Amino acid sequence: MPGKIANATLVESGKLSYGWARTRMSIIERIAKGKRKPLEGFRVGFCLHVTKETSVLVMAAKELGAEVALCSANPLSVQDDIAAFLHGEGVAVYAWRNETQAEYKKCIRDVIAFKPDIVTDDGGDLHYAAHGAKARGIMGGTEETTSGVRRLSALEKSKKLRYPVIAVNNARTKYLFDNRYGTGQSTLDGILRATGMFLAGSRVVVCGYGWVGKGVAAMAHGMGAAVTVTEVDPIKALEAKMDGFAVAPLEKAAEQGDVFITCTGQTGVIRKEHFAKMKDGAILANTGHFDVEIDASFLYRNGRSVEVKPNVECFKFGGKKLYLLSKGRVVNLVAAEGHPPEVMALSFANQLASILHVAKNHASMEKKVHPVPESIDDAVARLALVAMSVEIDKPTAKQKKYQRG
Ligand code: ADE
């Protein structure tokens, strides 16, 4: 099998992790259930965080008949045992933990060289590289994240999008759960695994109050932290205030925070003027897709860094110590294992159903960013309720009539 991984002897550990995740992601199986081999004859190229949850999606695509290649959506997030397991199962895996930036890009090019018909990405790097290579032969794709959808919408706006893409991120059964509860939990998981700190009674500054920021703030509050939210959007700031959080400009919050978590999708959020105001011992973590939210390069240029624990670097800066987690990269996937399987089941059920939709309908789809069809979004919600043994009511005939007006 073509590919490049770190260590093939990790297969057994990867297989056990895959098995664990699969039993907790029954929705994926239900999406595939009863279908013959609708992906036979299709090559699917994936650029996703190489985790146990991703292995469940990739194996489902394979079981539906696809030939599959996979690279990582981040150079530091690969679970090497999962890469070994998938490679052993006949997936062309180009991924290992701690890829250099050049290796990361080469792995993406290797997936493009696999000549995928359909591409599934997390963040847009694969879509962008495919466009650089003129996207020859690609029928369509899907996109997992807010950051990736933003980049693809820009391509569409400038009339450069070369194939239709389904914005999986924008399905309600994706962003309402994965972005909020998934990132909320896994971000704190990453911070706690890295630092082992006690959260109750500390001041957590959450930068950005989109779905991710809402989830992170709620989880930090739930663990006893006092939360300050920083925002540039007045409506989101108002929401944070009415949700009971302190709201302040970062310049002020910088003086108070024990932990800072960026969740904005923006660049240059925490900068040198903020570092200068922070307390001795402040901890800095990012959970946005790209490592551009905390100006880590300023710290690397101006301070001496010592790795005091895995994923915790100490910088002596202006007579105090600041701690940067995971080099300013997605703390939930670098210092922990990403979102748990139960919530990734919702996102990846949307991915699988969207891949099937593209395989079936690509010829009639415009070269645009498309929403996930509502029928898929609804079906995923219903399957998730079944998986959680939750029953709900049906509207009566009278209620349906009343609603129609
Ligand atoms: N993004 C966030 N958590 C993830 C996970 N567990 N697997 C793949 N992508 C993710």
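Let's start with a β-α-β unit. Strand β7, helix α9 (residues 211-222) and strand β8 form one, and the unit is right-handed. Right-handed here means that, with the strands pointing away from the viewer, the path from the first strand over the helix to the second runs clockwise. Helices are DSSP runs of H or I with at least four residues, strands are runs of E with at least two, and both are numbered from the N terminus.

A word on the source. This is a predicted model, where local features need pLDDT of at least 70, side-chain atom pairs count only at pLDDT 80 or more, and totals for chains, interfaces and linings use all residues. Residues are numbered from 1 along each chain as its sequence is written, and side-chain values use heavy atoms, with hydrogens and water left out.

Back to β7, residues 203-207. Four of its five residues are buried, so the strand is largely enclosed by the rest of the structure. Buried means under 20% relative accessible area, exposed over 50%, partly exposed in between, with a 1.4 Å probe and protein chains only.

Now its partners. Two strands pair if DSSP finds at least two bridges between them. β7 runs parallel to β8 (residues 226-230), joined by five bridges. Val206 sits opposite Val229 of β8. β7 also runs parallel to β10 (residues 259-262), with four bridges. There, Cys207 faces Thr262.

Next, the open sheet. Seven strands, parallel pairing, order β3-β2-β1-β4-β5-β6-β15. β3 (92-94) and β15 (369-371) are the edges; each has a single partner strand, so one side of each lacks a neighbour in the sheet. β6 (residues 165-167) pairs with β15 in the parallel sense over three bridges. Ala167 stands opposite Pro371 of β15.

What lies across β1 and β2? Helix α3 does, running at about 160° to β2. Angles run from 0 to 180 degrees between N-to-C directions; axes are lines fitted to C-alpha atoms, for helices over the stretch in contact.

Last, α3 (residues 52-63) against α1 (residues 11-23). They pack at about 80°, axes 8 Å apart. The two are therefore roughly perpendicular, a label for angles of 65 to 115 degrees. Contact means heavy atoms within 4.5 Å. Residues in this contact include Tyr18 and Trp20 of α1, and Val56 and Met59 of α3. By class, the contact has five nonpolar, two polar and four charged residues. Ala, Val, Leu, Ile, Met, Phe, Trp, Tyr, Cys and Pro count as nonpolar, Asp, Glu, Lys and Arg as charged, and the others, Gly among them, as polar.

Note on methods
Parallel < 35°, antiparallel > 145°, perpendicular 65-115°, else oblique.
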